Amino acid sequence: MTENHPFLRLAPVRMEYLYRNPDIIVFNDVLSDYEIDYIKRIAQPRFRRATVHDPATGELVPAHYRISKSAWLKDEESAVVARVSRRVADITGLSMTTAEELQVVNYGIGGHYDPHFDFARKEENAFEKFNGNRIATVLFYMSDVAQGGATVFTELGLSVFPRRGSAVFWLNLHPSGEGDLATRHAACPVLRGSKWVCNKWIHQGGQELIRPCNLEYQKESIIRPIPQPIEKFFR
Ligand SMILES: O=C(O)CCC(=O)C(=O)O
Ligand SMILES: [Fe+2]
């Protein structure tokens with residue numbers, strides 16, 4: 001349970017480790033039905049084809065390897081969106097000062113996102129305006145999916161199946177700030193039904209005192225003891 005924040009003493013969130021090192025954590029029942037329905041309703045009219053960063057130009061462009069519709073919601077536009085950001089801060093312990101807006105995504109049948117990293121590689125300069133790279137991802141599931149649609153961690157042999165109201169959380173960077181290649185992941189194609197998610201990408205700026213860098217250099221590497229399944233006991 002994450003009880004280290006006053007809010008969470010009153011309403012603890014059940015947290016489940018799916019993987020250790022890198023830690024992949026699921027928070028259960030962190031979005032209410034009301035919040036989910038509200039977020040879907042305000043995002044839907046603004047949906048556009050989802051984009052990715054083009055490393056060559058830094059522009060956001062559509063790509064065949066990411067098929068979905070998406071929209072961005074600001075904290076200032078709604079108390080519900082602001083509350084979701086606040087909850088992300090409470091459950092992760094990270095600062096939201098440099099987080100991106102809430103991204104809402106809908107995948108139809110066949111919708112998917114090929115394996116990728118959420119952090120920018122060294123040669124890209126994508127995140128200057130956010131004060132550093134994407135240190136962490138919180139991905140909320142706003143629907144169950146009848147078939148397909150799992151989030152798969154390709155280097156870890158781990159699949160996370162969408163469950164409406166739950167969220168998956170992981171750190172994309174080593175404590176040195178280097179990208180952690182073990183966090184490579186994908187959204188499997190939806191085979192039946194429709195998949196709704198929303199996510200917060202949290203950046204390095206603002207975390208200096210919360211998650212100080214480790215002075216020891218950690219090389220970008222996927223060479224780690226894998227797989228490291230969590231014993232059934234914890235599931
Ligand atoms: O939808 C998913 O399961 C994963 C989405 C994702 O990886 C992303 O948007 O960066
Ligand atoms: Fe991703």
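**Exercise 1: a threonine in a helix**

T92 is found in helix α3 (residues 79-92), helices being DSSP runs (H or I) of at least four residues, numbered from the N terminus. We're working with a predicted model, where local features need pLDDT of at least 70, side-chain atom pairs need 80 or more, and totals for chains, interfaces and linings use all residues. Residues count from 1 along each chain, chains are lettered from A and ligands numbered from 1 as written, and side-chain values use heavy atoms, without hydrogens or water.

Task: decide whether T92 is buried or exposed, then find what its side chain contacts.

Solution: 
- Step 1. T92 counts as buried because its relative accessibility is 15%; the cut-offs are under 20% for buried and over 50% for exposed, with a 1.4 Å probe and protein chains only.
- Step 2. A polar atom of the T92 side chain sits 2.7 Å from the backbone oxygen of V88.
- Step 3. The backbone nitrogen of L94 is 3.1 Å from a polar atom of that T92 side chain.

**Exercise 2: around the ligand**

Task: work out which side chains put an N or O atom by an oxygen of ligand 1, including H116 and K195.

Solution: 
- Step 1. Start with K195: a side-chain N or O atom is 2.7 Å from an oxygen atom of ligand 1.
- Step 2. For H116, the distance from a side-chain N or O atom to a ligand 1 oxygen is 3.1 Å.
- Step 3. D118 also has a polar side-chain atom 3.1 Å from an oxygen atom of ligand 1.

Definitions and conventions: Polar contact = N/O pair within 3.5 Å; in protein donor to acceptor, adjacent residues only side chain to side chain. Helix = DSSP H or I, 4+ residues; strand = E, 2+ residues; numbered from the N terminus.
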